[in-house]
Amino acid sequence: MDRRVIRHGVTDSTSERAFAALAEGSASHGDVHLATAQTRGRGRLGREWSSPEGGDLYASLVLLPPPPGYDPVGLTMAVGLGVLRGLESAGGEELTLKWPNDVVDAAGAKLAGVLVESRGLQPDAPHYVAGFGVNITRTEFPAELTAERPVTSLRLLGVTADAERVLEEILSELEAALTQLIANPSALCSAFVRRAGLFNGPLEVQRGRELCRGRLLELDLEVGLTLETAEGAALTIPLEHVSALRQV
Ligand code: BTN
């Protein structure tokens with residue numbers, strides 16, 4: 001993947017900058033939009049992503065694969081795995097994935113988040129923007145954030161690495177995960193299951209308003225998530241219907 005790093009300094013959102021480049025036709029596959037701070041950093045589910053200046057990583061990768069593009073859930077998993085492995089290469093230990101792609105430490109505190117988006121996806125010219133934010137140097141977080149869930153940073157985990165190094169590690173792991181998504185999606189799913197700790201015990205899966213419970217039998221991009229229920233039945237849920245997933 002050819003890489004161009006476009007440095008914005010302080011900007012609204014690196015993902016917004018990536019979409020602006022796509023809209024004006026200047027974007028290439030592999031472009032990375034990077035900021036030192038974001039004034040309108042976006043998180044999943046319409047949340048804000050706190051993005052002050054000071055050494056944390058805010059980056060968005062433009063992906064323009066040939067048609068038919070990527071399986072959307074597979075892409076989400078691949079980007080999560082890439083970020084997780086990149087953070088491990090940078091020195092992070094005992095990290096895991098929380099569905100769909102938060103990177104958390106051993107205590108469940110969030111270290112990094114991923115937001116994969118596309119706008120008006122055209123089947124003959126697929127495009128995606130994979131944004132990721134990593135807490136690197138921060139040791140204090142806004143109260144609204146920590147009230148929601150525990151949060152951590154590489155520094156709090158005792159890892160000394162700057163945003164440039166972390167970005168390099170993540171990009172090279174991301175590239176490998178995207179290659180695996182195309183070449184061997186079932187191996188990617190197995191890696192995801194392992195790194196998200198889903199094989200360990202019973203799972204609770206949120207499908208719309210319904211909460212399903214069972215032990216994981218299979219995770220397949222085409223078939224979905226298959227659980228063995230307490231009654232011994234196999235229950236398959238399409239992955240795009242899984243809004244939350246956790247071990248119980
Ligand atoms: C999440 O909610 O966990 C996803 C957070 C994604 C944040 C990153 S920071 C770089 C990119 N630009 C944004 O506005 N959001 C993503």
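Student: How far is a nitrogen atom of the ligand from an N or O atom in the side chain of S15?
Tutor: This is a predicted model, so the value is computed from predicted positions. A polar contact needs a pair of N or O atoms within 3.5 Å. The S15 side chain supplies one atom of such a pair, and a ligand nitrogen supplies the other, at 3.4 Å.

Student: Which side chain has an N or O atom 2.6 Å from an oxygen atom of the ligand?
Tutor: Look at the residues that come nearest the ligand: S13, Q38, R42, R44 and K110. The side chain with an N or O atom 2.6 Å from a ligand oxygen is that of K110.

Student: How much of the ligand's accessible area does the protein cover?
Tutor: Start with the ligand on its own. Its accessible area is then 410 Å². The protein covers, of that area, 99%.

Student: Where does the ligand sit, and which element gives the largest share of the shell around it?
Tutor: The ligand sits in the largest pocket. Elements giving two or more residues to its shell are α1 (14-24), β5 (57-63), β8 (110-117) and β9 (128-134). With four residues, the largest share comes from β8.

Student: Which residues lie nearest the centre of the largest pocket?
Tutor: This pocket holds about 940 Å³ of space. Its lining has 18 nonpolar, 14 polar and 14 charged residues. β8 gives the most to that lining, with five residues. Of the 46 lining residues, those nearest the centre are R44, R47, W49, K110 and E148.

Student: What volume does the second largest pocket have?
Tutor: Grid points are joined into one set, and the volume is the space filled by probe spheres set on them. For the second largest pocket that gives about 350 Å³.

Student: Which element gives the largest share of the lining of the second largest pocket?
Tutor: The lining divides into 13 nonpolar, four polar and three charged residues. α2 (72-89), β8 and β14 each supply at least two residues. The largest share, five residues, comes from α2.

Note on methods
Residues are numbered from 1 along each chain as its sequence is written. This is a predicted model: local features need pLDDT of at least 70, side-chain atom pairs count only at pLDDT 80 or more; totals for chains, interfaces and linings use all residues. Side-chain values use heavy atoms; hydrogens and water are left out. A residue is near a molecule or strand if one of its heavy atoms lies within 4 Å of it. A polar contact is a pair of N or O atoms within 3.5 Å; within protein, one must be able to donate a hydrogen and the other to accept it, and residues adjacent in sequence count only if both atoms are side-chain atoms. Accessible areas come from the Shrake-Rupley method with a 1.4 Å probe; for residues, only the protein chains shown count as cover. On a 1 Å grid over the protein atoms alone, a cavity is a set of points where a 1.4 Å probe fits but cannot get out, and a pocket is an open set with protein on both sides within 12 Å along at least five of seven lines; lining residues have an atom within 4 Å of a point. A molecule sits in a cavity or pocket if more than half of its atoms lie within 2 Å of its grid points. Ala, Val, Leu, Ile, Met, Phe, Trp, Tyr, Cys and Pro count as nonpolar, Asp, Glu, Lys and Arg as charged, and the others, Gly among them, as polar.
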